[in-house]
Amino acid sequence: MENSSLTPQPGHLCVVATPIGNLADLTDRARAILGAVDLVACEDTRTTGALLSRLGLNRELFAYHEHNETEAAERLADLLAAGKSIAVVSDAGTPAISDPGFRVVRACRRRGLPVVPVPGASAVVAALSASGLPTNGFLYAGFLPPKSAARIAFFERHRDFPYTIALFESCHRIDKAVDEIVSTLGAPRVICVAKEVTKLHEAFFVGGAGDVQARLAKASLKGEFVLLIAPRDFEL
């Protein structure tokens, strides 16, 4: 299958990025692939079903999520080996980036089955691009640990990391994480908290950690967050 093709080929797995908020961010290629594959493997059939309905598409859905991912990955690989074309999607953004997808891609690579990326929205890349923090290199470390001691240990281990660190954090802990950055890395450390990227209530809080901490104390913390930490000596 050529990377520019809008038609999925038999036996090919298409890793399809979906919008993280704004439906207009879905690419023409992703729309075409989703409308033509034999099967769409998705994190939540209700969420993906609603997306396909808004696009005027009707495809067979296959539940593929963190609770069944290991077994489902082999089943999907079997279907691909039998000649089915399959798209894997997550609820939002790029599959396999802190979302289900890695195991079915690995199963395909082990079997020599073709895997085709259909790129699009990524909250991490979108936040980095608009943050003003250095992007010549970065470490994406997924979600922070849920316990405070583990988060503090992470910050201490990466105190002198020479590139920007990109993280996901929940609305329930983003304020605590920023508090811990202030106490561990210091109030002047430049950070960015990106809230609800591409959505109606999108907001960027950029500056010294102490300043961001004060601004977050006055803001609504509902939504999804990307947390970026600049290298130690970086100044805006």
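Here are some notes on helix packing and a few individual residues in this predicted model.

1. Start with the α3/α4 pair. Helix α3 covers residues 69-81 and helix α4 covers residues 102-111; the two pack at an angle of about 45°, with their axes 8 Å apart. As for handedness, the crossing of α3 and α4 is right-handed. On the α3 side the contact is made by E69, T70, A73, E74, L76, A77, D78, L80 and A81, and on the α4 side by F102, R103, V104, A107, C108 and R111. Sorted by class, this contact of α3 with α4 has nine nonpolar, one polar and five charged residues.

2. Next, α5, residues 123-131. Which of its residues are buried? They are A123, V124, A127, L128 and S131. Looking down the axis of α5, these buried residues fall within an arc of 130°, so they line one face of the helix.

3. V125 belongs to helix α5, but V125 is partly exposed, with a relative accessible area of 48%. Its C-alpha lies 9.5 Å from the C-alpha of T135, which is 10 residues away in sequence. Just after α5 comes G132, with a positive phi of about 85°.

4. Now the α6/α7 pair. The axes of α6 (residues 148-157) and α7 come within 10 Å and cross at roughly 45°. That makes α6 oblique to α7. The crossing in which α6 passes α7 is right-handed. From α6, the residues S148, R151, I152, F155 and E156 meet K176, A177, E180, I181, T184 and L185 of α7. The class count for this contact of α6 with α7 is five nonpolar, two polar and four charged residues.

5. Helix α7 also packs on α8. How are α7 and α8 oriented to each other? They pack at an angle of about 150°, with axes 9 Å apart. Angles over 145 degrees count as roughly antiparallel, and α7 and α8 are therefore roughly antiparallel to each other. Their crossing is left-handed. The residues that meet here are V178, D179, I181 and V182 in α7 and A209, G210, Q213 and L216 in α8. By class, the contact of α7 with α8 has five nonpolar, two polar and one charged residues. If you are tracking individual side chains, note I181: I181 is among the α7 residues that meet α6, and I181 is also among those that meet α8.

6. Staying with α8, residues 209-216, the buried set is A209, G210, V212 and L216. These residues cover an arc of only 160° around the axis, which puts them on the same side of α8. Their cover includes α7 (174-185), β8 (190-195) and β9 (203-208). A209, G210 and L216 turn up among the residues that meet α7 as well.

7. Buried or exposed? K218 is exposed, with a relative accessible area of 78%. Between its C-alpha and that of K176, 42 residues apart along the chain, the separation is 14 Å. K176 is itself one of the α7 residues that meet α6.

8. Finally, some backbone torsions worth a look. Most residues other than glycine have a negative phi. The loop between β8 and β9 holds E196, where phi is near 50°, a positive value in a residue other than glycine. T198 lies in the loop between β8 and β9 too, with phi near 75°, again positive in a residue other than glycine. In terms of burial, E196 counts as buried at 14% relative accessibility, whereas T198 is partly exposed, with a relative accessible area of 24%.

Key: Residues are numbered from 1 along each chain as its sequence is written. This is a predicted model: local features need pLDDT of at least 70, side-chain atom pairs count only at pLDDT 80 or more; totals for chains, interfaces and linings use all residues. Side-chain values use heavy atoms; hydrogens and water are left out. Buried means under 20% relative accessible area, exposed over 50%, partly exposed in between (1.4 Å probe, protein chains only). Helices (H or I, at least four residues) and strands (E, at least two) are DSSP runs, numbered from the N terminus. The arc is that of the directions from the helix axis to the C-beta atoms. Contact means heavy atoms within 4.5 Å. Axes are lines fitted to C-alpha atoms, for helices over the stretch in contact, and angles run from 0 to 180 degrees between N-to-C directions. Angles under 35 degrees count as roughly parallel, over 145 as roughly antiparallel, 65 to 115 as roughly perpendicular and the rest as oblique. A crossing is left-handed if the near helix is turned anticlockwise from the far one by less than a right angle, and right-handed if clockwise. Ala, Val, Leu, Ile, Met, Phe, Trp, Tyr, Cys and Pro count as nonpolar, Asp, Glu, Lys and Arg as charged, and the others, Gly among them, as polar.
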